[in-house]
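The following questions concern a protein model. Please study the sequence and structure first.

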Amino acid sequence: RGLSPARDQAPLCVAVLLWPEFPLMSLACLVESLRHAGDHGDASQNRYAHWQILGTAGKPIRSSCGITIEATTQYPEPQNFDYVFVIGGLLRHLDAAPEQHRAYLHKVHRLRRPLISVCTGTFVFAQEGLLGTGPACVHPYHMQDFRDRFPNCRTLPNRDFATQGHITTVLGGVSILPLMTRIIGDHFGPDRSAKTVHQMTLPAPDLTLAHQSPVQSDHGTIT
């Protein structure tokens, strides 16, 4: 039978800020999760889930593998989005992002909209003073670099994601998939979340999502 959003929810709307030399896998996992959640079967019409890549027209963002991504819109009001993701890039390029990216990040933070860092996006959050005293997920590969740069920030190397208030940090790589499953399930209900798991051949949710911190959104806390 066909699936439709649970609880008559409005579409799930997500914004993405890409840092130069970002990992394409993280973006692909995010977008593919939304694509499968966003329509019936494999129609891919984005009926129930929408995403936008923020940036300046004519200035594509280069991924670490060399593939470039064009922005789909500039910098709309943060209230247009349920979540704003920041996918960091190679450490040597962290300071090369457009100033508009950082300005928008602070605008979202001031409004306390849900903000999610992915991979070295956590370095960006730390640079901008957004982490506070809460623990942040940092990939073991980058752990020493993070501790050297931000010795006062607490770290978590052994969780896919963790949340404090409206800030969520994600290790990177495929660690974003359990988070997306949680977000989709919270917004639409278990049927559409299960569709994403099935279509993307993910491990069973009860195995991938155990012992994770709750995610804060406008729809409540995802436990």
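The model is predicted: local features need pLDDT of at least 70, side-chain atom pairs count only at pLDDT 80 or more, and totals for chains, interfaces and linings use all residues. Residues are numbered from 1 along each chain as its sequence is written, and side-chain values use heavy atoms, with hydrogens and water left out.

Q: In which sense do strands E9 and E10 pair?
A: Strands (E, at least two residues) are DSSP runs, numbered from the N terminus, as are helices (H or I, at least four residues). Two strands pair if DSSP finds at least two bridges between them. E9 (residues 161–164) and E10 have four bridges, and their sense is antiparallel.

Q: Which residue in the turn between E9 and E10 has a positive phi?
A: E9 and E10 form a hairpin with two residues between them. The phi in question is about 65 degrees, and the residue is Gly165.

Q: Which residue of E10 is the bridge partner of Leu115?
A: Strand E6 (residues 115–118) pairs with E10 in the parallel sense over four bridges. In E10, the partner of Leu115 is Ile167.

Q: Are the residues of E10 buried or exposed?
A: Buried means under 20% relative accessible area, exposed over 50%, and partly exposed in between (1.4 Å probe, protein chains only). Ile167 and Thr169 point one way from E10 (residues 167–170), and Thr168 and Val170 point the other way. On both sides, all are buried.

Q: Why is the pair of Phe123 and Phe146 edge-to-face?
A: Rings of Phe, Tyr and Trp (its six-membered ring) pair if their centres lie within 6.5 Å; planes under 30 degrees apart count as stacked, over 60 as edge-to-face and the rest as tilted. The rings of Phe123 and Phe146 have centres 5.1 Å apart, so they pair, and they are edge-to-face because their planes are at 90 degrees.

Q: Which residues do ring pairs link into a cluster?
A: Phe146 and Phe150 form a tilted pair, with 5.0 Å centre to centre and 55 degrees between the planes. Phe150 is buried at a relative accessible area of 14%. The cluster linked by ring pairs consists of Phe123, Phe146 and Phe150.

Q: What is the volume of the largest pocket?
A: On a 1 Å grid over the protein atoms alone, a pocket is an open set of points where a 1.4 Å probe fits, with protein on both sides within 12 Å along at least five of seven lines; lining residues have an atom within 4 Å of a point. Grid points are joined across faces, edges and corners, and a volume is the space filled by probe spheres set on the points. The largest pocket has a volume of about 250 Å³.
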